[in-house]
Amino acid sequence: MTGRALLVALFWLLAGTAQGAVVTFQGDALEEFTGLRTDRLEVAAYRDGELRSVRHQWLAWSQRGWPYFSEDDDSRRAGETGRVGPRDRLLVDDADGGERLLSPGEDVIGELALNDGGQASYFYVLARPPFQGFSPPVTLERDDGDPLNLRTADYRLAFLDGNLFQWGDFTYRHYRAPDGKPTQTLLDSLKLRLSAGVFSEDARLTLTNENLDPQIQQVIEGPLATLVYATTRVRVAGLRVLTVHNHFVLMEDRLAIHSRFALPGIAATVLRDPRARVSVDGHNLQGARLRTSWTGEREAVVDGRLSDIERAMLRRPVPAENWLRFDTGRGFALLARLHFAEGFDTAARLIYQDDPDLKETPERFPGQHPNVGFEMDRIPFGENFYFLAELYFSEKSYFSED
């Protein structure tokens, strides 16, 4: 299967029967456009007898495999600035696709096809300046008296104190609260933990979101995605042990967080057994269900306790290729994926806590309802450690009703 075919297949798997979703073209699909100036390339669809401009966005990509930002001094661009690079991505909305153009004009320099169960739609790349009138679907804004907010047509996420790692209220337009009661938030908090033994494994130091203050270095807004580059510097005992680089790719129905950092070799003289945890704590999501790609037909149900099935799910190691699906059954479902760079022998385990009395800071509301995520250990010293976390939001249930 080619890179293009794999991407399209993955898109249809994740998108389900949504009315429209962003599709990514890359690799072989864009080879004929490599080196061309992006400000002289239009993307259009053939409808009602004419080519019409559609929303699209070129994403510059780094040689190492994450989004490229000019403010990221540690990242090298794959290709020339302002031109299509060999690793770049092209985003389009599948709902904007059109009919096949049987007699392309001289302006048409390429065709991109999507195929869903035999129903194909087409996009065309033209040698002319792109239409500039499309508004960004994702905005980072600061309302009067409110914290920094991420807004799309479907969801709103507040960042406490303007900190991208301190998540506040999360609301989703399609969610139906139990008994029709108003829901303040579906989310308690994002929980980040970096821990290591200081001089010995027994004397462990743990840093959480409250110890991390990412600084936004660059924001790129486009008609289909908003990209944010932020850095966080961490010190232990006066020694800077790492700088975390985060690249956020924010879309209308999903977000991706590329994270990379390197524990310098000198940190090995101070730190022992470094570990990282990333999880999301829901707020009063009783009755929600969770399944994973690596635990077969087992299913976790949010009911305030851990069943034998759920304990068995926790014992299974997370494979390199993975997904988990979390479904409230009330108009909000979440698909999450965790990906590591090739070559790292990083062990990952599932985090699943379902206990109304369990305290695990940082949190705004008591208990875990539930807390779901991943724990990673064997983080190497002296090497760039990279992982990608992806979250997809949907109003469609992943599970059939029993």
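Reader: Is Asp 303 buried, exposed or partly exposed?

Author: Asp 303 counts as partly exposed, because its relative accessibility is 40%, and partly exposed covers the range between under 20% for buried and over 50% for exposed. Please keep in mind that this is a predicted model.

Reader: And which residue forms a salt bridge with Asp 303?

Author: The partner of Asp 303 is Arg 305, and their closest N and O atoms lie 3.8 Å apart.

Reader: How many salt bridges does a search of the whole structure find?

Author: The search finds 23 salt bridges. One of them joins the side chains of Arg 52 and Glu 50, with an N to O distance of 3.1 Å.

Reader: Why does Arg 52 count as partly exposed?

Author: Arg 52 counts as partly exposed because its relative accessibility is 36%. Glu 50, its salt-bridge partner, is also partly exposed, with a relative accessible area of 41%.

Reader: What about Glu 360 and Arg 277, where do their side chains meet?

Author: The side chains of Glu 360 and Arg 277 meet in a salt bridge of 3.3 Å, N to O. This pair links distant parts of the chain, 83 residues apart: Glu 360 lies in the loop between E23 and strand E24 (368-377), whereas Arg 277 belongs to strand E18 (residues 271-282).

Reader: Are those two, Glu 360 and Arg 277, buried or exposed?

Author: Glu 360 and Arg 277 are both buried. They also take part in a network of salt bridges, in which they are linked with Arg 349, Glu 375 and Asp 377.

Reader: Switching to sheets: in what order do the five strands of the open sheet run?

Author: The order is E13-E12-E18-E24-E23, and the pairing is antiparallel. At the edges are strand E13 (204-208) and strand E23 (347-355), each of which pairs on one side only. On average, neighbouring strands of this sheet are turned by 20° against each other, direction ignored.

Reader: Over how many bridges do E12 and E13 pair?

Author: Strand E12 (residues 187-198) pairs with E13 over five bridges, in the antiparallel sense. As a particular case, Arg 193 has Thr 208 in E13 as its bridge partner.

Reader: There is a sheet of three strands as well. What is its order?

Author: That open sheet runs E1-E5-E4, again with antiparallel pairing. E1 and strand E4 (56-59) are its edge strands, and each pairs on one side only. Its neighbouring strands are turned by 25° against each other on average, direction ignored.

Reader: How many bridges hold for E4 and E5?

Author: E4 and strand E5 (residues 89-93) pair over four bridges in the antiparallel sense. His 56 has Val 92 in E5 as its bridge partner.

Reader: Where is Phe 25 placed?

Author: Phe 25 is in strand E1 (residues 22-25). It counts as buried, because its relative accessibility is 1%. Phe 25 and Leu 91 are 66 residues apart in sequence, while their C-alpha atoms are 6.5 Å apart in space.

Reader: Helices next. Which residues of H2 are buried?

Author: In helix H2 (residues 308-315), Glu 310, Ala 312 and Met 313 are buried. Viewed down the axis of H2, the buried residues fall within an arc of 160°, so they line one face of the helix. The face turned away from that buried side carries the exposed residues Asp 308 and Arg 315.

Reader: What do the buried residues of H2 pack against?

Author: They pack against strand E19 (289-292), strand E20 (300-301) and E23.

Reader: And the largest nonpolar core, how many residues has it?

Author: The largest nonpolar core has 61 residues, and Phe 170 and Phe 393 have the most contacts inside it. Strand E16 (residues 239-251) supplies the largest share of this core, five residues. A second, separate core has 17 residues, including Ala 29, Leu 41, Val 84 and Leu 112.

Reader: Which residues is Phe 393 in contact with?

Author: Leaving aside neighbours within four places in sequence, the contacts of Phe 393 include Tyr 155, Phe 170, Tyr 172, Phe 332 and Leu 334.

Reader: Finally, how many helices and strands are in the protein chain?

Author: The protein chain has two helices and 25 strands. Of its 402 residues, 51% count as buried.

Definitions and conventions:
Residues numbered from 1 in each chain as written. Predicted model: local features only at pLDDT ≥ 70, side-chain atom pairs only at ≥ 80, totals over all residues. Heavy atoms only, no water. Core = buried A, V, L, I, M, F, W, Y, C linked by side-chain atoms within 4.5 Å. Buried < 20%, exposed > 50% of the residue type's maximum accessible area, 1.4 Å probe, protein only. Contact = heavy atoms within 4.5 Å. Pairing = 2+ DSSP bridges. Axes fitted to C-alpha atoms, helices over the stretch in contact; angles between N-to-C directions. Arc of directions from axis to C-beta. Salt bridge = Lys/Arg side-chain N within 4 Å of Asp/Glu carboxyl O.
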